[in-house]
Amino acid sequence: MADLFEEYTLKNGVTLRNRVVMAPMTNYSGNDDGTVTDAEVAYYDRRSKGVGMIVTACTHVLENGKGFPRQFAGYDDKFIPSLKRVANVIHAGGAKAVLQIFHGGRRSIPEEVPNGEIVSASDVAFPDNATPRPMTTEEVKEAIKAYGETTRRAIEAGYDGVEIHGANTYLLQQFFSAHTNKRTDEYGGVIENRMRFPLEVLREVKQVAKKHAKEAFIIGYRFSPEEPEENGITMDDTIQLVDALAAEGLDYLHVSHMEFFTKPHRFTGDKEKTRVQLLIETINGRTALIGVGSIYSFDDAVKALETGVDLVALGRELLIEPDWVQKAQENPSSIRTEMDMSMQKELAIPDPMWEALKRPNWIPGMKA
């Protein structure tokens with residue numbers, strides 16, 4: 001069995017000091033002008049000293065793609081110094097720094113985007129949000145370029161890579177899903193057309209990295225395996241997308257779901273296999289797979305790695321226990337797996353994030 005704490009080398013030759021990754025988590029803690037705050041820098045600093053790689057909170061590639069209040073931005077060169085602050089502090093702790101890049105699409109905030117106009121694949125509104133305007137074909141092409149430009153900024157800011165955020169119902173997923181994509185152009189209709197936007201974004205990012213990165217540059221892609229809506233993404237759809245992404249050549253794929261060992265809800269194949277098992281079979285060694293979902297204890301992480309997944313991501317657990325890796329190596333029984341409500345300052349969780357975490361049953365031990 002692979003060891004959580006052994007080095008892992010990605011396909012492009014970049015070596016991580018261990019197989020533990022910090023999952024991307026929105027922190028709602030940036031400045032109003034889109035730059036990072038001291039509190040955000042401290043938050044990443046606190047969590048950079050054990051894991052092999054940190055994937056940051058998402059940053060929007062276009063001004064109209066802002067999906068969260070107080071989200072740090074990456075859509076203009078003026079944000080490079082801000083982005084650099086996060087990369088530098090992650091590197092100071094010894095971890096690789098990966099910038100997650102995205103566009104909120106129909107989940108963008110009307111009050112915080114130009115002219116209050118949000119865009120998506122089609123005019124299918126996200127619950128309790130404004131109805132988006134369908135993007136023109138030209139705007140789709142412009143968005144593809146914007147993902148590339150933000151990748152260039154990540155390179156200039158010193159990041160080791162980018163993660164293309166195609167999960168959690170944001171713009172790339174909105175194009176891939178038949179529930180939200182009703183287009184009739186080259187980006188809509190059959191699944192081959194619906195996956196065209198994600199694939200073209202990946203190709204653009206690869207091209208920009210090849211042109212601008214002086215050293216090997218990590219490129220990852222995050223995806224959500226299924227949607228609950230009748231016409232939403234099924235596991236069959238995801239298998240086709242993952243197969244196509246793996247064939248393009250990238251350094252990792254990162255599944256996004258709440259529970260690591262979940263089985264598919266809608267799938268025409270073997271429903272007794274977990275989603276992770278199906279993904280491992282589909283990828284077939286062509287790239288690394290990062291697994292995630294309710295991994296808290298050392299035993300949880302070991303069981304996850306035993307499935308054959310290459311890397312294990314911790315999200316909520318690293319909020320509870322920033323020293324998870326160090327404690328797992330020295331004394332696994334000392335790892336906290338429930339939030340201590342008295343430790344916010346010690347955990348370096350910014351106030352806006354702390355308030356946002358107070359959701360029922362979201363984080364073990366967290367109370368409203």
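This is a predicted model: local features need pLDDT of at least 70, side-chain atom pairs count only at pLDDT 80 or more; totals for chains, interfaces and linings use all residues.

Start by selecting R316 and W362: R316 lies over the face of W362, at 5.2 Å from the ring centre.

**Stop two: ring pairs**

How many aromatic pairs does a search of the whole structure find? It turns up eleven. Select Y147 and F197 to see a pair of rings with centres 6.5 Å apart and planes at 80 degrees, so this pair is edge-to-face. Now colour helix α3 (residues 137–156), which holds Y147, and helix α6 (residues 196–212), which holds F197; the pair therefore ties together parts that are 50 residues apart in sequence. Buried or exposed, these two? Both Y147 and F197 are buried.

Next, pick Y28, F68, F102 and Y170 together: ring pairs link them into a cluster.

**Stop three: Q100**

Jump to strand β5 (residues 96–102) and find Q100 there. Q100 is buried, because its relative accessible area is 2%, and the cut-off for buried is under 20%. Show the side chains of Q100 and E163, and you'll see a polar contact of 2.8 Å joining them.

Who else is around? Setting aside neighbours within four places in sequence, Q100 is in contact with P24, H165 and R222, among others. The run V55, T56, A57, C58 and T59 is also on its contact list, as is E163.

Technical notes: Residues are numbered from 1 along each chain as its sequence is written. Side-chain values use heavy atoms; hydrogens and water are left out. Helices (H or I, at least four residues) and strands (E, at least two) are DSSP runs, numbered from the N terminus. Buried means under 20% relative accessible area, exposed over 50%, partly exposed in between (1.4 Å probe, protein chains only). A polar contact is a pair of N or O atoms within 3.5 Å; within protein, one must be able to donate a hydrogen and the other to accept it, and residues adjacent in sequence count only if both atoms are side-chain atoms. Contact means heavy atoms within 4.5 Å. Rings of Phe, Tyr and Trp (its six-membered ring) pair if their centres lie within 6.5 Å; planes under 30 degrees apart count as stacked, over 60 as edge-to-face and the rest as tilted. A charge sits over a ring if NZ of Lys or CZ of Arg is within 6 Å of the ring centre and within 35 degrees of the ring normal.
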